[in-house]
Amino acid sequence: MSDLVHAELQDGIAVLTIDNPPVNALSPGVWAALGEAIDRAAADPAVQAIVLHGAGATFVAGADIHSFKLLRTRDDALGRVTASHALLERIEDVAVPVVAAIHGNALGGGLELAMACHYRVATRDASVGQPEVLLGLIPGAGGTQRLPRLAGTALAIELCVEGVPLRAAKAQAAGILDQIIVGDLLAGAVAFARTRVATGQPPRKTRELPLDAAAGLAAVTAARGALKSRLPAPHAAIDAIEAALTGSFADGSRRERALFADCVVSIESRALRHLFFAEREATKVPDVPKSTPVTPIARAAVIGAGTMGGGIAMAYASAGIPVLLKDVDPVAVEHGMTTIRKNYESSVARGKLSPEAYAQTLAQITPTTTYDGFEQVDIVVEAVFEDMALKQATFAELGRVTKPGCILASNTSTLDLDEIGAASGRPSQVIGHHFFSPANIMKLLEIVRGRQTSAETIASSVALGKRLGKVSAVVGNCFGFVANRMLGYYMREAYLLLEEGASVPQIDGALTAFGMPVGPFGMQDIAGIDVGARIRQHLASVGKVRTEGPQSEIPDRLFALGRYGQKTGAGWYRYEAGSRNRIADPLIDALATEAAARRGVARQPISDDEIVARTMTALANEGARVLEDGYALRAGDIDVIYCYGFGFPRHRGGPMFYADTVGLPAVLARIEDYRARLGEHWQPASLVSQLAAAGRGFHDVTT
């Protein structure tokens, strides 16, 4: 018997244990070993029933996603799921009762395996679900056919379209589970199997359970009407479930397999699977091994009670970490606490937070105007204005008032971390923790290492990011790091497209149609036009510019007019008092016309395709330079940063993955065209030229 599935006979009950750490994923080897074990048990006259369970912390958390990389064609995918269907039907056809004993998770292929068993028992804390849609897929091993027979069509659609799991109690109420086991799961499952043997009745086959076709088709119609997603997988899931209602199990299964195969080879699924792995790689740093010691974080402090500081304090408090929130101005501290209370109260009103949890979480935040207590904290996060002198003074003070082992983190989004760290007197403990606004909600934490940042400080930051519920990426120290360095080129093209003839609503509309949650101008109105203006002022003071090539004058003119965005009621758009609804402002078109005339640009219509191509090409080209310079270790790290930090559409995989799907020869051709039409500031990154010539993509290499 394979090491992947162990078999033991317990007084007539065959116990088959799947043992594929860490989550018992259904790799091709597990499928093969399981088929062999089932066949042997079914052929053994001493076996009265079979119990199937998982070793370790879970039943089966799903398919082995790595194995999907081997499914390069639709026929490859069809072959894989056809074999899975056949094995599950063999399990269902076993003459003795087969019981799935579930603990931890039975997700995706794990639930499909369990549903092919005749009965399912589980621990109280178990979860079941069909989350394949989160990877751009649908259940491919009978999930869309068996689940509506157990739980009804409406719930089956919900589980397959939304990908949200069910806890055991709800799964039992829905008919997916037969019994919840209190106490030892395996002993309870064996006892349950004996009760089924004692009945003398033939095992119950899920595929033979009746369906209420009329109610089911009504649920399908309602789901289609309510579905907002334009991605293929949710629609395919509904189509497959509909096939369960309109034909035989065999017909429905064939339809499911065909739809699954279509999804596997889709760009959307490839993109989502890419991000799944990229997210897990982004915190891996070659010179920071897993064995690196980690500083435990029991208490924290945040300096600066503004929007960012308050949001960071909330992130710590929500993770159960007591945090001091300091500002020099008592009014600023109280204003910050008022905002924090309003945010939590909003969560209570929406049912996202209980009143008791609100009180407990708020109590974790202690406002202060002094450094009292800073000697006890394990980490300080600085979130003051983007002013180098102010940050250096703050870190000099932190070097004096904190204990020797305290991590000193800066939330700077652009400034030189090494200059900041030097002021502290202990640069090995200084690191960038670049949160994204609102910091209590946005998932990304860009972890910036300086030249002298220690491995322990990096490892501790990675562990802390996970504890805070963030998706972290470790990057190097340069102007803007990875996120904002690339953003400068995205915004440069947006500004220049405006001067060349596009409008603010058109540019924002083209990019939201592409999949961005908000366009570049709407985003800047939210973040504040003053933020970018002050960055440009700092750069000018040291003789630098943010991007090469022509620089639009319009953002600085808006800053001079006091139009900072939503906070002042006007920016790139106008806003009515108390409203965030964007109103196009003719003033912007007038400013664009004036700026174009001064640069000698003849304004003309610009297509939405040109807007998307220009901005996306600018992102990818600068991303290539970031890789060349070594500030990002992998193209996937950049994709993670943009998907979690700026809401880049996940189904496109991030800016670097999207460039690969366009094809780097096409990207290079665009850059050469822009250089000819728009100026020498459009220069292809060396990496783009090299990869295009070799017929490779960004994700074929690790720099």
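Strand S14 (residues 407-410) and strand S15 run parallel and are joined by 3 bridges, where pairing requires that DSSP finds at least two bridges between two strands. This is a predicted model, in which local features need pLDDT of at least 70 and side-chain atom pairs count only at pLDDT 80 or more, while totals for chains, interfaces and linings use all residues. Residues are numbered from 1 along each chain as its sequence is written, and side-chain values use heavy atoms, with hydrogens and water left out.

**Strand S15 and its partners**
- Ile431 in S15 is the bridge partner of Ala409, and Ile431 also stands opposite Arg449 in S16.
- S15 and strand S16 (residues 444-449) run antiparallel, joined by 5 bridges; strands are DSSP runs (E, at least two residues) and helices are runs of H or I with at least four, numbered from the N terminus.
- S14, helix H16 (residues 417-424) and S15 make a right-handed β-α-β unit, meaning that, with the strands pointing away from the viewer, the path from the first strand over the helix to the second runs clockwise.

**Burial of S15**
- In S15 (residues 430-435), 6 of its 6 residues are buried, that is, under 20% relative accessible area with a 1.4 Å probe and protein chains only.
- Val430, Gly432 and His434 point one way, whereas Ile431, His433 and Phe435 point the other way.

**Helix H2**
- Buried residues of H2 include Ala77, Val81, Leu88 and Ile91.
- Seen down the axis of H2, the buried residues fall within an arc of 165°, so they line one face of the helix, the arc being that of the directions from the helix axis to the C-beta atoms.

Terms used:
Buried < 20%, exposed > 50% of the residue type's maximum accessible area, 1.4 Å probe, protein only.
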